[in-house]
There are 2 protein chains.
Amino acid sequence: MNLKIVNGTILLYADGALKTECRDLYVKGNTISFVPFAESETYETYDAKHQLVMPGLINMHTHAYMTLMRNYADDVCFTDWLFNGVMPIEDKLPVEAAYWTNQLAFMEMIKSGTTSYVDMHMYLKQSGKAATETGMRAFIGRGLVGDDLYTDGYERFKQAIDELEEYQSETCEFILSPHAIYSGSTKLFQQVAEEAKKRGLLHQTHLSEGMTEINDCYEKYGKSPVALLNEIGFLDDECILAHCVQMRDDDIDILKATGSHVVTNPASNAKLGNGFAPISEMKEKGVNICIGTDGTASNNTLNMFREMGLLSLIHKGIQKDPTALPAQYVVQAATVNAAKALHKEDQLGVIKEGAAADLIFLDLRSPSLFPNNNIISSLCYSANGSEVVSSMINGKFVMRKNELLTIDTEKVYYEVEELAKQFL
Amino acid sequence: MNLKIVNGTILLYADGALKTECRDLYVKGNTISFVPFAESETYETYDAKHQLVMPGLINMHTHAYMTLMRNYADDVCFTDWLFNGVMPIEDKLPVEAAYWTNQLAFMEMIKSGTTSYVDMHMYLKQSGKAATETGMRAFIGRGLVGDDLYTDGYERFKQAIDELEEYQSETCEFILSPHAIYSGSTKLFQQVAEEAKKRGLLHQTHLSEGMTEINDCYEKYGKSPVALLNEIGFLDDECILAHCVQMRDDDIDILKATGSHVVTNPASNAKLGNGFAPISEMKEKGVNICIGTDGTASNNTLNMFREMGLLSLIHKGIQKDPTALPAQYVVQAATVNAAKALHKEDQLGVIKEGAAADLIFLDLRSPSLFPNNNIISSLCYSANGSEVVSSMINGKFVMRKNELLTIDTEKVYYEVEELAKQFL
């Protein structure tokens with residue numbers, strides 16, 4: 001759409017720093033501009049008085065379909081959670097379920113300021129379909145497991161490629177997603193790395209999440225998970241690694257040297273008892289850090305504002321250093337750093353000429369943000385996500401004045417409730 | 001008011017556990033009842049379909065007047081925060097300022113589900129006045145400092161007593177509040193303990209928050225802050241201790257033996273780099289644990305839902321134990337345990353016959369809570385506070401359908417903005 005945004009406070013990024021500025025902003029079709037419309041052009045005016053206009057947040061690691069299992073298997077040990085909680089449900093759910101559970105995820109994401117997300121899913125085509133219909137900017141991939149991509153894992157790989165062909169669009173991209181080194185062989189990871197290069201695709205996996213994974217890796221391969229994936233050529237600057245909780249110094253050096261991107265999931269890592277990732281150490285060595293919520297079965301929310309605050313507070317507490325992971329850094333991790341990992345630095349996570357119009361509008365007259373002493377601080381430390389009143393993705397409003405415009409919310413509540421009744 | 005609440009899911013507490021039940025509930029005047037109205041009685045009906053009705057949360061430690069300094073001095077070391085950030089502002093603010101900054105605090109508290117709070121303030125009479133006008137249930141006290149309560153600290157003590165006489169009411173009680181062992185002498189603490197006994201008042205202080213306090217205490221008195229206060233008779237079951245971060249095993253034994261109540265402030269302790277309180281250890285030994293947000297200058301929000309989630313996640317992460325501080329315990333800490341510390345177990349933090357009608361109503365069809373697999377889990381792990389749609393204190397609605405009924409919000413925004421312009 002063509003939109004002139006007036007009276008707003010705009011969050012800009014320049015020379016490595018975020019800052020706010022009061023100025024007009026334009027949306028031309030699906031991109032951002034600072035250049036006023038010509039007299040001949042038609043446009044709508046959006047009054048952003050008392051609002052912050054900022055880039056939509058990028059949730060760099062989640063499993064959107066898991067909303068069905070929100071608050072379902074809490075306060076139990078990891079094996080109970082996985083084998084008695086999550087997996088039995090996943091086994092019996094029909095693939096169609098994911099269409100509705102994804103939409104429930106999008107409702108929460110949009111309401112709390114997320115416009116892009118990176119997903120690893122397991123339900124054929126439903127994720128791409130739901131994302132495309134809702135208008136979410138999606139980077140999604142079918143979790144790949146097994147010993148050999150072309151035999152043992154072939155069905156899932158074929159599904160991933162099919163999905164890529166059916167739903168790839170301006171707002172929906174695919175990402176090759178081997179699940180983890182404990183569910184896929186080194187051969188499979190090698191094959192995925194080759195396919196990624198051949199097809200020009202990003203690739204992601206879960207890495208170094210819990211101690212069992214680490215111990216098993218040392219026992220089986222005699223090295224750390226990071227060293228293992230490095231050896232087989234999986235790590236490069238198109239590689240996105242979720243978790244990275246258990247890290248040695250030389251693991252961090254490898255991540256830096258290969259240009260791999262790390263997604264930290266502080267709530268999930270804490271909640272499942274895996275601990276805290278060494279974010280300050282990775283930051284210090286120049287590794288690019290992004291933020292993800294992980295799935296709702298282990299978080300139990302998709303709220304990136306909660307995740308930003310948690311990340312900073314946890315590290316200040318651990319390091320006994322109130323200057324650790326300042327708001328400037330954390331808000332960049334959820335925007336600029338994420339765009340870098342996605343190789344979309346000019347399009348996402350930033351308000352600049354020609355970037356995609358993925359914008360969120362926060363009510364600065366929310367008690368939690370007021371007085372507006374330091375808006376960047378407030379995004380990290382005092383916002384809870386409910387301050388987001390409007391959201392636009394690719395130049396199209398998906399929420400305006402708190403109303404979700406592309407989702408039939410009553411239908412989603414009904415369908416998800418029926419699924420919960422039937423399968424949980 | 002007289003109210004019949006129909007179609008709601010009610011959070012009840014029995015035999016040490018919270019559970020939910022679908023049933024009608026009644027408000028008669030300012031108390032809760034399970035007994036239907038007689039035919040002759042008049043009442044209004046509240047349709048709580050798709051809503052959870054639960055006791056309002058109790059924020060057991062804050063400094064409400066500090067909202068002016070929200071997001072004002074972040075990401076700096078403790079001494080910068082206190083001496084260059086907070087204190088210069090406190091020194092120049094007129095006492096009238098607190099009337100508006102307290103109301104801003106109440107706006108945030110009510111919107112995020114808090115109905116009672118324990119405050120330590122420094123602005124004569126403004127706190128009691130603001131709380132009484134808004135209808136917040138307040139337990140407030142003037143911070144006391146100095147060497148001798150009756151000479152050096154007399155003015156503040158007299159103010160505290162004056163305030164007590166002017167604003168004490170059914171919803172506003174006073175609590176004697178020596179600031180900390182580093183700002184008040186042992187003599188002052190002893191005098192306060194005697195006054196508290198004589199007047200039948202609760203007493204609170206900040207204790208064992210940071211390492212400087214601990215080290216100085218050992219140097220000056222040769223013992224821990226807990227041992228020091230125990231020796232002079234300050235610790236008993238009418239004593240509320242905020243922070244308790246740096247604790248030895250024998251300190252915990254003393255807290256248990258004296259029946260003192262602990263208020264943990266996880267966000268503030270992490271954010272100022274003080275670390276994490278040993279909550280699981282204190283819980284294990286049977287110490288009564290409550291939750292507080294501390295002031296907005298060190299949090300930077302008054303959202304008890306954020307604080308509950310943070311408390312559990314941090315301890316699961318530290319202990320590498322996903323069963324640590326489960327939702328059942330944490331939600332009790334913010335309700336039942338708090339009421340116990342306030343010696344109001346039959347009146348607050350619980351829905352029972354004859355208890356005060358301090359109720360909050362959450363929209364269960366919020367994306368963050370849906371599906372409603374485990375409502376108690378959702379209160380700890382996935383709620384962000386914005387799910388609260390209505391709030392009642394002492395039988396009177398202070399918010400209904402998201403509208404604040406007892407505060408002129410535009411006026412508060414205006415006045416606080418003017419104060420920020422003038423003094424920050």
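This report describes the spaces, helix contacts and some backbone features of a predicted model.

In this predicted model, local features need pLDDT of at least 70 and side-chain atom pairs count only at pLDDT 80 or more, while totals for chains, interfaces and linings use all residues. Residues are numbered from 1 along each chain as its sequence is written, chains are lettered from A and ligands numbered from 1 in the order in which they are written, and side-chain values use heavy atoms, with hydrogens and water left out.

**The largest pocket**

Rolling a probe the size of a water molecule over the atoms shows where empty space is left. Here the search runs on a 1 Å grid over the protein atoms alone, where a cavity is a set of points at which a 1.4 Å probe fits but cannot get out, and a pocket is an open set with protein on both sides within 12 Å along at least five of seven lines. Lining residues have an atom within 4 Å of a point, and a volume is the space filled by probe spheres set on the points, which are joined across faces, edges and corners.

The largest pocket holds about 1,200 Å³ of space. It is lined by 47 residues, and the closest to its centre are Lys111(A), Ser386(A), Asn402(A), Ser386(B) and Asn402(B). Among the elements that give two or more residues to this lining are helix 2 (97-111) and helix 15 (409-423) of chain A, together with helix 2 (97-111) and helix 15 (409-423) of chain B; helices (H or I, at least four residues) and strands (E, at least two) are DSSP runs, numbered from the N terminus. By class, the lining of the largest pocket divides into 14 nonpolar, 20 polar and 13 charged residues, where Ala, Val, Leu, Ile, Met, Phe, Trp, Tyr, Cys and Pro count as nonpolar, Asp, Glu, Lys and Arg as charged, and the others, Gly among them, as polar.

**The cavities**

There are nine cavities of 30 Å³ or more by this rule, and the largest cavity has a volume of about 190 Å³. Of the 19 residues that line the largest cavity, those closest to its centre are Phe305(A), Arg306(A), Ala383(A), Asn384(A) and Arg306(B). Helix 11 (304-319) and helix 14 (375-381) of chain A, with helix 11 (304-319) and helix 14 (375-381) of chain B, each supply at least two residues of this lining, which has ten nonpolar, seven polar and two charged residues.

**Helix pairs**

| Helix pair | Angle | Axis distance |
|---|---|---|
| Helix 2 and helix 15 of chain B | about 125° | 9 Å |
| Helix 11 of chain A and helix 11 of chain B | roughly 50° | within 12 Å |
| Helix 2 and helix 3 (residues 126-134) of chain A | about 45° | 9 Å |

Angles under 35 degrees count as roughly parallel, over 145 as roughly antiparallel, 65 to 115 as roughly perpendicular and the rest as oblique. Helix 11 of chain A and helix 11 of chain B are therefore oblique to each other, and they pass in a right-handed crossing; a crossing is left-handed if the near helix is turned anticlockwise from the far one by less than a right angle, and right-handed if clockwise. Their contact (heavy atoms within 4.5 Å) is made by Arg306(A), Leu310(A), Leu313(A) and Ile314(A) with Arg306(B), Leu310(B), Leu313(B) and Ile314(B), and divides into six nonpolar, no polar and two charged residues.

In chain B, helix 2 passes helix 15 in a left-handed crossing, and the residues that meet include Trp100(B) and Leu104(B) of helix 2 and Val412(B) and Leu419(B) of helix 15. In chain A, the crossing of helix 2 and helix 3 is right-handed, and the contact has six nonpolar, five polar and two charged residues.

**Backbone features of chain A**

The peptide bond from Asn299(A) to Asn300(A) is cis, with omega near 15°, and Asn300(A) lies in the loop between strand 16 (288-291) and helix 11 of chain A. Another cis peptide bond runs from Phe370(A) to Pro371(A), with omega near -5°, and Pro371(A) has its place in the loop between strand 17 (359-363) and helix 14 of chain A.

Notes
Axes are lines fitted to C-alpha atoms, for helices over the stretch in contact, and angles run from 0 to 180 degrees between N-to-C directions.
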